[in-house]
Protein chains: 2
Amino acid sequence: MRIEILNTGTELLLGTTLNTHGKWFGEELFKLGFRIQRLTTVPDGDAITQALRECVSRADAVIVTGGLGPTSDDLTRECAAEVLGTELIEDEAAMRSLEEFFAVRNKVMAEVNRKQAQVLVGADVLPNANGTAPGIYVPPRLNGAANCAVFLLPGPPRELYPMFRQEVAPRLVALAGWSQPPSMLELKIAGVGESDLQQEIDAKLAEIPGLEVGYCARIGEVDLRLIGDEGAVAAGRQIAHERFAKQIFSEDCSHLETVVVRLLTEKGLKLATAESCTGGLISNRITDVPGSSAVFTHGFITYANEAKRDLLGLPQALLDEYGAVSEPVACAMAEGALRVSGADIAVAVTGIAGPDGGTPDKPVGTVWIAWAAKGHRTVAVKQVHPRNRKDFKLATSQSALDGIRKLALKGW
Amino acid sequence: MRIEILNTGTELLLGTTLNTHGKWFGEELFKLGFRIQRLTTVPDGDAITQALRECVSRADAVIVTGGLGPTSDDLTRECAAEVLGTELIEDEAAMRSLEEFFAVRNKVMAEVNRKQAQVLVGADVLPNANGTAPGIYVPPRLNGAANCAVFLLPGPPRELYPMFRQEVAPRLVALAGWSQPPSMLELKIAGVGESDLQQEIDAKLAEIPGLEVGYCARIGEVDLRLIGDEGAVAAGRQIAHERFAKQIFSEDCSHLETVVVRLLTEKGLKLATAESCTGGLISNRITDVPGSSAVFTHGFITYANEAKRDLLGLPQALLDEYGAVSEPVACAMAEGALRVSGADIAVAVTGIAGPDGGTPDKPVGTVWIAWAAKGHRTVAVKQVHPRNRKDFKLATSQSALDGIRKLALKGW
C-alpha cells in the first residue's frame, strides 16, 4: 500500500520548529508493515490544496497533519474539502465533545473554536482525548478525486500519537488486508569504512532473494540495514557475521557507549578514563547511559601537561622527550589512570584537535589512543582524523569506546 | 524565488534517522531572505527521479540532499542526469581530490569510490572539505527540463553545512539578484524562562512597527529572534537590553561555552571543573571551543565517592555526614579542584541524574552547583531539573557555565 504523509505548518519550513513526524510515522508504520512512500512538508494555506491533490493522485492512503486548529491560518479542512470535491458540515458529536473539553477545564469556549466541529460530509470523526481538534477520516469510496483514503490529524504529538494508534493504525491494516509485516535488522559496525564494508559483502547480500540492503555511514561506525522476510534477513545477517563478527557491536540500535556499559556491568569490570584532546567526551558518553555509575568511577581530563604529570603521575622527562602526543605518553596516561583509580580497564587519548597546534610530523587530527588493563599488556594505536574539532573528538571517542568493548570481550 | 528542498534517504522514512535538514535549511535560507516553498522526502532509488521531475517543474531552485555516496543505493547523480536530460562524466579535479582524501588518511581508495567523481556534463563541482562526495551545481541554462537551478549536496551535516554556506548560498543570492535581505538578530538569554521573558518585553516589542518577534525556548536558555529593517531590530534590541542586560550572553549565535572561553581568555583566567552527575559534559563543551587549551587545564570526573575523596581531597566524614549531593560537598569539590589544579575559577556539580537513585528528600533531578574562585567566597545553588538523564545533564551544564560567565564578568 502506497502511503504518503503531508505535514502542514509554516513553522516547519522557517527553521523554528524541528519536524519529528517523519521519524515517528516511519517507525509506527514500519511496525505495521508499511513504508512511507513520500513525505511532503508545505506551509499553511493554499500550498496544502496543491500538495494534497498530488498526494491523492499517487497514493492509496494520505495522512495529513496540522492545520485543524481554530485560528485563521488553520485551513486543512477547507483544502481537503476542495480537493475531495465535498462539503463541510458541523458534526453534532464533535460539537458536543468540544463543549465538554472546555467545560471540564472551567473555560469558556471561544466562538472561533466552533469551526473545529466542521467535518467533511460522510467522513468519520476521530475523537481527540488530548485537544480540541477531532481528526477526520475520509474512506476511499467517498473520495471523488481518486481511490485514496485520507486522514486529517492534529499536528501536536500529544494529540497526534494516541489518535494515530487508536484510530488510524487499525483502519490502515484493514485497508491493506494483511497480517505479516516484514522484518528489519540494523547492524551497527565499528572499525570498518562504508566502502570496505560494501566491497566485502554487498555482492553476496545481493544474491539473497527479496533482501533489501541499506548502508548509513556515521563517524566511526556504519549501520547496515537488512529488510525482508525473516529468512532473507537471517541469511543477510549470517553473511555480515561471517566477515565482520568482531566489528558488529549492536543489533538492537544501541549506541556504542550503551554496549560498553552493558558489557562492563555483565563482567563486573570498572572503567577509568584519561582524556586530553577529547576533553571529557568519552566520560560524557559513558555517563549518558543509565546505570553507568556501577562501572565508571574516575575520569581525568588532563588537558595541560601539568595535569598529566600531577594527576596521572607522568614523569616530566617523558613529556619532554616524546611530546604529549606520543605512544609512550598515551600508554603512561592509561596506566596512570588505572593505578590512581583502581579500575580494571583504563583508556587514554592524547592528540591534536586543531584548528591550531599541528606540526609537519604531527598534523592536526593526529591522536594516540591507549588501553591499559589489569593483567594485560598496554596497547596503543595512532590514528589520524583530519576533521573539524567536534568530529575529531567524536571519531576518537568512537575508537576509544570500541577498544574498551573489544578488551572487555576478550575475557578476563 | 521559489526554493524547494528534496531530501533523499530510505533511513529518513523508516524512522531510524531524524531528518533535521528542514529546520537547518529553513534557518539558513531565511537569513538570506528566502523561504522554503516545499520540502519533500523520498526513499533512495527511483522515487528520486519522479520527485525531482516534479520539483524542477514548480521551483526556481531545487536543493537535493543525499545519495552521493559510493554505495549501490546512492543514485542521486543518475536520477538527476535522467531528469535534466544530460550525461555523467568523470571529473578530473574531483577524482584528484578523492585520491587526496584517502592519501592523507593513509587509506587505500576502494574501487566503488570512483563513482563519486562522476558529475553531470557542464555542471560546477562543489568541493567537499569534509568527505568524499563533491557537490554538483547545474545552472538553469543547462537544465533541459525547466528553467530551474539544481544543487546536489551530500546528506551528512558535517559535509552539507559548510558546502551550503560556501558554495550554495552565494549562488542563490546571485540567482535572486538582490542585495538587501532583512536584518535578523538573535539574542541568547540564560537564566530567564520563556514566558517570563515574553511577559516582560513582548508588549513593548509589539509597538515597534515592522518588527517580527520570535521566541525559542531551549534547555537553560531562550533565544529571542528579531527580524525587520535595521532600525526596528535596533529598537527591539534596546528594549531587551534595558530589562535583561545581565542575562543576554550572546548576540552572534555563539553558544555559552564559546562565550565563557572567550571571556576567560580575555581576562587571562584559568578554569578547572569537578563533575559528578554531568560526567564530563561541562569539560566536553568547554573543549569543543577552539583555543580552550589556553584557559582549561584540569578536569575531574569524580563519579564515585572514592574519586571525590582521592582526587579532590574531600574528607570521608563530609561525605558521610551530608551525602554526596549536598551544599558542603559541592563547595568542597569546587575548592578541591581549585587547589589541586591551581586554576583561578573552579566549578563543581553533584546531583542525581536518574532514572534511579532518588529519595523523597533528594528526588531525581536534584543538583548542587558550586563555584570557587581565588579571592572570592565559594557560592553554591541547588536546582531541580526533573528531566530525562541527558536533558538533566544539559540543564545543569548550562547553569554551571552561566555561573562561570557571571563570575568572570565581575572583574578580578
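Of the contacts in chain A (heavy atoms within 4.5 Å) with a separation of 6 or more, 67% are between residues 24 or more positions apart. The structure is a predicted model, in which local features need pLDDT of at least 70, side-chain atom pairs count only at pLDDT 80 or more, and totals for chains, interfaces and linings use all residues. Residues are numbered from 1 along each chain as its sequence is written, chains are lettered from A in the order in which they are written, and side-chain values use heavy atoms, with hydrogens and water left out.

Chain A contains 13 helices and 17 strands, taken as DSSP runs (H or I, at least four residues, for helices; E, at least two, for strands) and numbered from the N terminus. An automatic or database assignment divides chain A into domain 1 (3-176), domain 2 (183-250) and domain 3 (256-409). The C-alpha centres of domain 1 and domain 3 of chain A are 51 Å apart. The radius of gyration of chain A, over C-alpha atoms, is 28 Å, whereas a compact globule of 412 residues would have a value near 22 Å by the rule of 2.2 Å times the number of residues to the power 0.38. Along the principal axes, the C-alpha atoms of chain A fill a box of roughly 85 × 55 × 40 Å. Of its 412 residues, 56% are buried (under 20% relative accessible area, with exposed over 50% and partly exposed in between; 1.4 Å probe, protein chains only).

Over all chains there are 14 aromatic pairs, defined by ring centres of Phe, Tyr and Trp (its six-membered ring) within 6.5 Å; planes under 30 degrees apart are stacked, over 60 edge-to-face and the rest tilted. Trp24(A) and Tyr161(A) are stacked because their ring centres lie 3.9 Å apart and their planes at 5 degrees. This pair links helix H1 (residues 21-31) to helix H5 (residues 157-176) of chain A, with the two residues 137 apart. Trp24(A) is buried, at 9% relative accessibility. Phe25(A) and Phe164(A) have ring centres 5.5 Å apart and planes at 80 degrees, and the pair is therefore edge-to-face. Phe25(A) is in H1 and Phe164(A) in H5 of chain A, so this pair ties together parts 139 residues apart in sequence. Both Phe25(A) and Phe164(A) are buried. Trp24(A), Phe25(A), Tyr161(A) and Phe164(A) form one aromatic cluster.

In chain B, the buried residues of helix H7 are Leu197(B), Ile201(B) and Leu205(B).
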